[in-house]
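User: Please take a close look at a single part of this model. Start with its surroundings, then go residue by residue.

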Amino acid sequence: MKKETLKVAGLALEVFEDGRGEPLLFVHSGGGFQPNEPYVALLAKSRRLVAPSHPGFGHSELPDWLDTPDDIAYIYLELMDRLGLQKVDLVGSSLGGWIAAEMASKAPERFRKLVLVAPVGVKTGPVDKLDIPDIYAVPQERVSQWLFRDPAKHTVDTARLSDDELTVMVRNRETVAMLVWEPWMHNPKLKHRLHRATMPTLFLRGESDGLVSADYLERYARLMPHARIETIANAAHAVQVEQPEAFAAKVLGFLDG
Amino acid sequence: MQAWHFTETAYPFLPPADTYESVRVNLPNRIYDPDKGAALYDRYLREWQIAEEEGVEIMMNEHHQTVTCVDPAAPLMMAAVARVTSKARILILGNPVANRHQPVRVAEEMAMIDILSHGRLEAGFVRGVPYELLPANSNPVRMNERHWEALDLIVKTWTHHDGPFSHEGRFFHYRAINIWPRPMQQPHPPVWVSTTSASGAQNVGAHGFVQATFLTGYEGTRSVYESYRRGWRAAGRGENVPIDRLAYAALVYVGETESRAYEGADKLLWYLNANKVPRHYATPPGYAGTAATVAALKAAGATTQGDHANFGRNMKVETAMERGILFCGTPGQVHQQIRKFYKHVGGFGHLLIMGQAGFLEHDDTVHGIRMFAREVYPRLKEEYPGTRISGEFEETRAEAEARGVAAAGRGTPLG
């Protein structure tokens, strides 16, 4: 997989690219972009896959003025200009789904189709209940259960990571906290902008997702004119990691259909 | 040397430790009995008055959603203390300005207290412990940047007297800052900052503020002070750092006998031993900074597993004394311990005495305050006037070896 550093909006952005075909812009989740995950190759088989590391993730720079997914959405619109991508299919996962939703609401004409995988980003539930549970108020084991149907398969042994890998992991976590802390996991403006995103949209959710509930996703999808929801079995929040084949099949089936 | 009596105004009446996850953040406040709480406030206020009567200064702090310190609005407590005392300096250490979203309001509160106390305010600012972030709903990332922007703005707010000025910074925005009242002390009340990081202490030194550090022991304290002194000198404040720029907070209990002192000290250790906090509240991402977190992960490895990293170790009096976080014994013993610590860290001018905690009852607290004030404090004042120079190391090799440190010649950093 090709990796290069591009200067976009004044900051150095790490951008991965692989495959040939119609461009697919992939906007990663809070865990950062992991090029070796099996779903990546599956998507790149029939598509030109472009996957930047968000500012503050991987080796992408974090400018001191940036603190919201909304900011990142503007940077990615500029990245598309920079790469000459006039119109793409857009896939965003979790935190990346939030960024993708922001992008789609700002420049709907730049996106042919949109896939939001267990996205966060809107607040639609009651005032006295978090739409997304607080991942910083419970033990890590609990968070892992929300993320994975089978957490034991996905434990990271930090002792086996290089200094660089450890730094990336720690930095990714910090940037997630910065982006989601307040308001918790959402931009209050986004739900009033999403009606602009008129492209065909698919919401995907793992059936055991402990972070993004089925109700939440239904309310989210209702904010968009042409959205539908599909569920992937035997997966929790990290759908593409736990069920790469089913995930790739759903995404490509929708985009190519 | 100036000494300060400090109590965290704890509410110690906890149910058995295995019935709750944490003493901070999520312990239901139904456990708090308002009548007992009111009696505790009465008592702690009385102890601050007694400290004043004994010639000791007064210190308080602020925490949120915790039994360890039931003073979530320390400026309110300060206002009360300002009116029931008349001579002592009153130190807040401090205002958690990275978690308070209105720095100008903090400047106003401090100015009011300075007037209410007729110019006795010492205004401290702290970054705050990690468990404060959730109660404050305050972002753990870029706290340091918020802290310094707020602090600089507060000092400007105190010292600007010609009508409104504006501030359009990275984190705070105001169009017309013009506080009433302004502080009594000119140009502004003394500023204290507590920090434990090298870069933080260097910055405090560059500003010339008073640097405080809590329970950092022999080596930690020395390295914080070294950073402060570097920052002070690099900012062109001169070669000599007076000791009154440096403060150390320790548990202190002086008894008329050694056994009474140890009994009192054992109760003070409640601060450390009751602090049951789960890892997820103690380590929010971003609080410690990337490099420090990576280093901690590498150093700790598999041993960091477990929900309550620092709970259940039951710190003992002897261990706490060895580490330099507790001074305890007869007056002569405590005097020697403080001297030894003073020499090791290169000198400090303020001893912040955590002289009450947990189940240390009123009479024992007062005994400790009086024994210190009457038997130890006069010697410290005489030996260490605030104008003495910090950073002159006098510890001999024999002294260092006696303490178990490998090598320490005069002026040799101990790393």
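What percentage of the 415 residues of chain B count as buried? After that, focus on strand β1 of chain B: what lies on its two faces, and which strand does it pair with over 6 bridges?

Analyst: This is a predicted model, in which local features need pLDDT of at least 70, side-chain atom pairs count only at pLDDT 80 or more, and totals for chains, interfaces and linings use all residues. Residues are numbered from 1 along each chain as its sequence is written, while chains are lettered from A and ligands numbered from 1 in the order in which they are written.

Of the 415 residues of chain B, 48% count as buried. Buried means that 20 or more other C-beta atoms, placed from the backbone, lie within 10 Å of the residue's own; 12 or fewer is exposed, and in between is partly exposed. Chain B has 15 helices and 13 strands. These are DSSP runs numbered from the N terminus: H or I of at least four residues for helices, E of at least two for strands. The C-alpha atoms of chain B fill a box of roughly 60 × 55 × 50 Å along the principal axes. Of its contacts with a separation of 6 or more, 78% join residues 24 or more positions apart. A contact puts two C-beta atoms, placed from the backbone, within 7 Å.

Next, the neighbours. Strands pair if DSSP finds at least two bridges between them. β1(B) pairs with β12(B), residues 350-356, in the parallel sense over 6 bridges. There, B:F6 stands opposite B:M354. β1(B) also pairs with β2(B), residues 57-60, again parallel, over 3 bridges. In β2(B), B:M59 is the bridge partner of B:F6. From β1(B), the chain reaches β2(B) through helix α1(B), residues 34-53, in a right-handed β-α-β crossover. Right-handed means that, with the strands pointing away from the viewer, the path from the first strand over the helix to the second runs clockwise.
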